Amino acid sequence: MEALRVISSTTHPLKHLFRLASFSKFTPSTLCFHCPPSSITVASAVRSRRSSTSASPPSTSDRDAVRSIRLKKVEELRATGFEPYAYKWDRTHSANQLQELYKHLANGEESNDDKDCVSIAGRIVARRAFGKLAFLTLRDDSGTIQLYCEKDRLASQFEQLKALVDIGDILGASGSIKRTEKGELSVCLNSFSILTKSLLPLPDKYHGLTDVDKRYRQRYVDMIANPEVAETFRKRAKVVSEVRKTVESLGFIEVETPVLQGAAGGAEARPFITHHNSLGRDLYLRIATELHLKRMLVGGFEKVYEIGRIFRNEGISTRHNPEFTTIEMYEAYSDYESMMNMAEEIVTRCAIAVQGKLIIDYQGVEICLERPWRRETMHNLVKEATGIDFAEFGSDLNKAKDVTLSSLNMGSNNQEANSIRACQSIGHVLNEVFEMVVEPKLIQPTFVLDYPIEISPLAKPHRRHAGLTERFELFICGRELGNAFSELTDPLDQRGRLEDQVRQHNEKRAAAASVSKVSSAEAKKSDDDSYDVTLDDDFLTALEYGMPPASGMGLGIDRLVMLLTDSASIRDVIAFPVLKIQQ
């Protein structure tokens, strides 16, 4: 932000304090102080602190000094009858509306029509002062516009503006419109009011808020300092809106299901556990919306969806956050082919809404979202990448493991080899190889079809291939974006599969616990598996009343927003991500 240069001197103490208040935004060479002797020591001390670390953010002592100065301004405003925290302001236009409405004005031209008196409001993000003239840059939700402040127009308010208005303050302003000789559309101020007095300095213009951890912790400052961050969340809102419009245009009804559940079902993930005091029972934060949405199908709804928060007490990475947003949808009398078409429709509509095109860039890679997308089975993709044909192994698990370890040249003690050896079925081995070798290479949109039955407890058995299910996952840029099934409706088959899932989890937990007694490294892994997996008996009861043939899909909203905003981390598209406690 351009430096404030005060040409005229004055004896008003708060005016000198004002000149000091924005020092954290400028390097010492850009400041021009006119301080009385009592102020020289303070100003010199500040410049001394800044001179050696001009690229660093303001220190705690600097922030405290600025806050103290601005608190005195709050006191002065109230002492003179002005409330620095207003109730409201009547606006006639936004900044962007003015830019569009008066784009016809030529350089140096001013609109003299009485009807052109406008009223705007927003945050001051830059200011310059030159004797009897000052320029402020005001930013609102739509954009920025310059405030042209002349002493002759503002009279006594001009001195108040110079003395009491700081960068970061929220102002209401009214006046006429002109375009300066340099072509800047401006509001020529007739009057202004401080609507909110900012007490803390904003990051400086040249270095901004660059501390990544602080950006996430103080997202509100991040959005002020980096307007493109706020734009990401506007695009996120567009994505959610477009997803909702797409499914509702196809006849789906939005419903709401419980966040607090008696059994954590619909996925295999460690849940968050809480306790309800009045009921005297533990409850789980949901790890999926699936099982309650299927209950809606049993109850007679034929097309339902929910956009909601999901909670999983698991690791944090650039792709994973403990709470995230999905859309899950279920359609009676359809199969997983229908959901492939639905996935293409949702993603392409969102891309058009946000990007205006179907060929986009993500982290330097061109992604083509034009339909149709590739559809291939997991077996064929693994065979294509590794040469291993898992169909040849039949039920020989040991042979599948030996061939895999040999073909992939895995060492005897590395983590990937241990993961292969720990697999309980050929389907698990196939899935491990897919995740290790194939998944990172699926850059262009790809539907991966027909997953093994062992890892798909809620999917219908494949109608043509034994041991497989009618399930797909959608991958773009090497990460899963969606997961869908032809839904399992046989209550006896469903009970058996869920019971197997519980048994396998308990065996895995017991094995990890025994190993952890002799290995501290395994102790952490054992803790990761230490949660209980329970049957949702009410869901199984609902199935026994009869659920129609159906397909269902879950689509990750956060990952879709990452893709369409070119964001490298999931934390960049979640306004307030979960973080470690700050030390």
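Ala, Val, Leu, Ile, Met, Phe, Trp, Tyr, Cys and Pro are counted here as nonpolar, Asp, Glu, Lys and Arg as charged, and the others, Gly among them, as polar. By these classes, the lining of the largest cavity in this predicted model has six nonpolar, no polar and two charged residues. The volume of this cavity is about 50 Å³, and a search of the whole structure finds three cavities of 30 Å³ or more. The lining of the largest cavity consists of Y362, I476, C477, R479, L481, R559, M562 and L563. Two elements, strand 17 (479-486) and helix 19 (557-565), each give two or more residues to this lining. Helix 19 makes the greatest contribution, with three residues.

One of the lining residues, R559, is found in helix 19. The relative accessible area of R559 is 15%, so this residue is classed as buried, the cut-off being under 20%. Leaving aside residues up to four places away in sequence, R559 touches R319, H320, R479, E480 and L481. R559 and L481 are 78 residues apart in sequence, while their C-alpha atoms are 6.4 Å apart in space. R479 and L481, both touched by R559, also belong to the lining of the largest cavity.

The protein as a whole has 583 residues, of which 48% count as buried. Its secondary structure comes to 19 helices and 18 strands. Among the contacts with a separation of 6 or more, 67% are between residues 24 or more positions apart.

In one, five strands form a closed barrel in the order 1-2-3-5-4, and the pairing is mixed. Neighbouring strands of this sheet are turned against each other by 50° on average, direction ignored. T137 has Q146 of strand 3 as its bridge partner. Helix 6 (residues 156-164) packs on this sheet and touches strand 1 (118-130), strand 2, strand 3 and strand 5 (185-196). The direction of helix 6 makes about 65° with that of strand 5. Seven of the nine residues of helix 6 are buried, so this helix is largely enclosed by the rest of the structure. The buried residues of helix 6 are Q157, F158, Q160, L161, K162, A163 and L164.

The other sheet is open and has eight strands in the order 6-10-11-18-17-16-15-14, again with mixed pairing. Strand 6 (253-254) and strand 14 (374-377) are at its edges; each has a single partner strand, so one side of each is left without a neighbour in the sheet. Strand 17 and strand 18 (residues 550-556) pair in the antiparallel sense over five bridges. In this part of the sheet, F485 stands opposite G552 of strand 18. Helix 11 (residues 336-355) packs on the sheet, with contacts to strand 11 (323-332), strand 14, strand 15 (446-449), strand 16 (471-476), strand 17 and strand 18. An angle of about 30° is found between the directions of helix 11 and strand 18.

Strand 15 is joined to strand 14 by four bridges, and these two strands run parallel. The bridge partner of R375 in strand 15 is F447. Four bridges also join strand 15 to strand 16, but this pair runs antiparallel. Here L449 has F472 of strand 16 as its bridge partner. In a regular strand the side chains alternate between the two faces of the sheet. In strand 15, T446 and V448 point one way and F447 and L449 the other way, and all of them are buried.

Not counting residues up to four places away in sequence, M547 touches K294, L297, V298, E487, L488 and T489. M547 and L488 are 59 residues apart along the chain, and 9.1 Å separates their C-alpha atoms.

Methods:
Residues numbered from 1 in each chain as written. Predicted model: local features only at pLDDT ≥ 70, side-chain atom pairs only at ≥ 80, totals over all residues. Heavy atoms only, no water. 1 Å grid on protein atoms, 1.4 Å probe; cavity = no way out; pocket = protein on both sides within 12 Å on 5 of 7 lines; lining within 4 Å. Points joined across faces, edges and corners; volume = space filled by probe spheres on them. Buried < 20%, exposed > 50% of the residue type's maximum accessible area, 1.4 Å probe, protein only. Contact = heavy atoms within 4.5 Å. Pairing = 2+ DSSP bridges. Axes fitted to C-alpha atoms, helices over the stretch in contact; angles between N-to-C directions.
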